[in-house]
Amino acid sequence: MGRARDTATEGECATDDAATLAAVDAYLASLRRAETPLSCVVDTALAARPERRPTRAVLEGAARVPSHPNARDVVAGASAVDLLDARTVVRWVGLPERAPESTDAVLVGDYLHSLAFEALVGADEDGVSTGLLAAVTAGVSDLYGAEAGVAATPGERDVPVAARRGVFAIADAVVDALDATARGETR
């Protein structure tokens, strides 16, 4: 894609959580090509999750993997998890002055979903491992299935536990796929 996540070279090992999180942030910033109403709403959705626990789980898990995953794959996986986490928050909490079921919130959630997969694949590069893409795809299917079975309580401002678990399950699957790729099992 020629974006910020590509600043990590193929041979680099992802060991520094702060530097890798900065690369994820740079990638997310690169998505804001122009200040449009949609990019401003995306900024709001991303800012609504200050702890970014699922993203940090990917970074911490990747740093503990003895096979030393390549930094570019770690940033791609962490970026996808970050965007899917933001999408889940928008799906269950909504946007400022907009309910989760509002057209704006649904469209922003769909846009964040597509950006998560854009983080994983690109037309102008080799892309990330097929294992990483498969892990996120399977995780998204499970996440959406879990969400479909959960009814939101009117006025509830917390993301339901099932949806939260789904995002963390994707984070775990990403770390497993990063390990498998680094060990040469998939590419």
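Rings of Phe, Tyr and Trp, the last by its six-membered ring, pair if their centres lie within 6.5 Å. By this rule the count comes to 0 aromatic pairs. The model is predicted. The protein chain holds 7 helices and 0 strands. Of its 187 residues, 48% count as buried.

**Fold and contacts**
- From the N terminus on, the elements run α-α-α-α-α-α-α.
- Take the contacts in the protein chain between residues at least 6 apart in sequence: 79% of them join residues at least 24 apart.

**Aromatic surroundings**
- A charged side chain does meet a ring: Arg91 lies over the face of Trp92.
- The distance of Arg91 from the ring centre is 4.3 Å.

**Ala86**
- Ala86 sits in helix α4, which spans residues 71-93.
- Its relative accessible area is 0%, so Ala86 is buried; the cut-off for buried is under 20%.
- Leaving aside residues up to four places away in sequence, Ala86 touches Ala45, Leu46, Arg49 and Leu112.
- Ala86 and Ala48 are 38 residues apart along the chain, yet 7.6 Å separates their C-alpha atoms.

**Second largest pocket**
- The volume of the second largest pocket is about 180 Å³.
- Its lining is made up of 10 residues.
- Ala48, Arg49, Glu51, Val89 and Arg164 lie nearest the centre of this pocket.
- The lining divides into 4 nonpolar, no polar and 6 charged residues.
- Arg49 links two topics: Ala86 touches Arg49, and Arg49 is among the residues nearest the pocket centre.

How values were computed. Residues numbered from 1 in each chain as written. Predicted model: local features only at pLDDT ≥ 70, side-chain atom pairs only at ≥ 80, totals over all residues. Heavy atoms only, no water. 1 Å grid on protein atoms, 1.4 Å probe; cavity = no way out; pocket = protein on both sides within 12 Å on 5 of 7 lines; lining within 4 Å. Points joined across faces, edges and corners; volume = space filled by probe spheres on them. Nonpolar A, V, L, I, M, F, W, Y, C, P; charged D, E, K, R; others polar. Phe/Tyr/Trp six-rings, centres within 6.5 Å; stacked < 30°, edge-to-face > 60°. Lys NZ or Arg CZ within 6 Å of the ring centre and 35° of its normal. Helix = DSSP H or I, 4+ residues; strand = E, 2+ residues; numbered from the N terminus. Buried < 20%, exposed > 50% of the residue type's maximum accessible area, 1.4 Å probe, protein only. Contact = heavy atoms within 4.5 Å.
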